[in-house]
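Dear colleague,

I am handing over the structure that we discussed, and below it you will find an account of what came out of the analysis. Please read the two together.

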Amino acid sequence: MTAPTSRNVSAPTIADVAARAGTSVASVSRVINDDRRVSPEMRARVNAAVLDTGYVRNAAARSLRGRSAHQISLVVDDIGNPAYVQAMRSLQDLAREHGLRLLVESTFGQLEEELKVMHALGERYVDGVVLASTRFAAPLIEELRSPAVPVVVIGSAPCEVQVDSVGADARGGARQATEHLRQQGCERIAMINGPLGTLPAKSRLAGFRDGFEPEASPPVIHADAFTPDAGYEAAVQLLDSGASPDGILCAADPLAIGTLNACIDRGLDVPHDVALVGMDNGRDAMMSRPRLSSVDLHFADRGRLAGQMLLDRIQVRYDGAPRRQSVHTDLIVRGSSDRRGILA
């Protein structure tokens, strides 16, 4: 007799239930956790979907109900970005102080990956999330309307996102950097910005333009990513455009590192031929030669502040309206834009 073969069939997930019920994962989670705020109509739809899909909560998820998972998560676009590393370190220190583990996840800016994280929150594998997203697409905003666990956004957040957030005055920092380049004698100032449509790129572009008269149209190149390679390619495009900039503001330090390398490869002296300023003030700013002038957006402070706000929610020390906090920015002037020697 031939032994029967087993089929590898994936167990239905909470996302499957949400799709069947035509609602969000957060709504399904509230029904499963007997949240009293759920309407009878919604409860009936979700319960019917649970029966239809055959969904069964796993034992680990059930055991977390009513007690702590002793874990929080940091979710970012790219954990290789030095700015996020600053936030991660301060958040990890805070987590350890409170006996929590920190999980770190990279979504690479993909909406599908961000939604997977939000869907998984229904299983309560963490007690809360610090989230950094550069776009906040509509499906993600919808999931954030009532997440299964507390969420705090670090970075730019649109007004529709009704969770706590910790931002920075990136627009003001970009304006200050542009004014600094003018003070250094730069007359043809350009910008290498991040990907078009991202929130950081929008705010930093606005600050850059604030540094000019309204009728001015300074050159702006949008890189494909906030990386050194993308910065290099954007700088080559700028230098080949005939703009001949003598000052460049980059929307992030990795972009500035790529731009610095492009200038060196073209035989340009930084800062004598081209003065250069980045944003973030990460570790790369101190490693380059010349050292990189940069707008400090205080990611370490924001990471710790986001963690404190998250703990307030987890430990029910605060359960009020969403809080919006912002930190100041500082321009740190170093060799890449300091032209005082050639202006004397």
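Two strands are said to pair if DSSP finds at least two bridges between them, and the strands (E, at least two residues) and helices (H or I, at least four residues) are themselves DSSP runs, numbered from the N terminus. In that sense strand β6 (residues 189-193) and strand β8 (residues 247-250) pair in parallel over four bridges, with Ile-192 standing opposite Cys-250 in β8.

Before going further, please note that this is a predicted model, in which local features need pLDDT of at least 70 and side-chain atom pairs count only at pLDDT 80 or more, whereas totals for chains, interfaces and linings use all residues. Residues are numbered from 1 along each chain as its sequence is written, and side-chain values use heavy atoms, with hydrogens and water left out.

The β6-β8 pair belongs to an open sheet of six strands, in the order β7-β6-β8-β9-β10-β12, whose pairing is mixed. Its edges are formed by β7 (220-222) and β12 (330-332), each of which pairs on one side only, and neighbouring strands are turned by 20 degrees against each other on average, direction ignored. Axes here are lines fitted to C-alpha atoms, for helices over the stretch in contact, and angles run from 0 to 180 degrees between N-to-C directions. Helix α9 (residues 199-210) packs on this sheet, touching β6, β7, β8 and β9 (275-280), where contact means heavy atoms within 4.5 Å, and the direction of α9 makes about 175 degrees with that of β6. Helix α10 (residues 228-240) lies across β6, β7 and β8 and runs at about 145 degrees to β6.

A further set of pairings involves β5 (residues 164-168), which is joined to strand β11 (residues 324-327) by four bridges, the two running parallel, and which pairs with strand β4 (residues 151-154), again in the parallel sense, over three bridges. Val-166 stands opposite Gln-325 in β11, while Val-153 stands opposite Ser-165 in β5. Four of the five residues of β5 are buried (under 20% relative accessible area, with exposed meaning over 50% and partly exposed in between, for a 1.4 Å probe and protein chains only), so this strand is largely enclosed by the rest of the structure.

As to the interior, a nonpolar core is a set of buried Ala, Val, Leu, Ile, Met, Phe, Trp, Tyr and Cys residues joined through side-chain atoms within 4.5 Å. The largest has 65 residues, of which Leu-249 and Leu-255 touch the most other members, and helix α5 (residues 82-97) gives the most to it, with eight residues. Apart from this core lies another, of 17 residues, including Leu-144 and Val-161.

Two individual residues may also interest you. Leu-310, in helix α13 (residues 299-314), counts as buried at 1% relative accessibility, and beyond its neighbours within four places in sequence it is in contact with residues including Ile-72, Val-130 and Pro-150. Ser-133, found in the loop between β3 (128-131) and α7 (138-143), counts as buried at 7% relative accessibility. The side chain of Ser-133 makes a polar contact with that of Glu-114 at 2.8 Å, a polar contact being a pair of N or O atoms within 3.5 Å, of which, within protein, one must be able to donate a hydrogen and the other to accept it, and residues adjacent in sequence count only if both atoms are side-chain atoms.

With best regards
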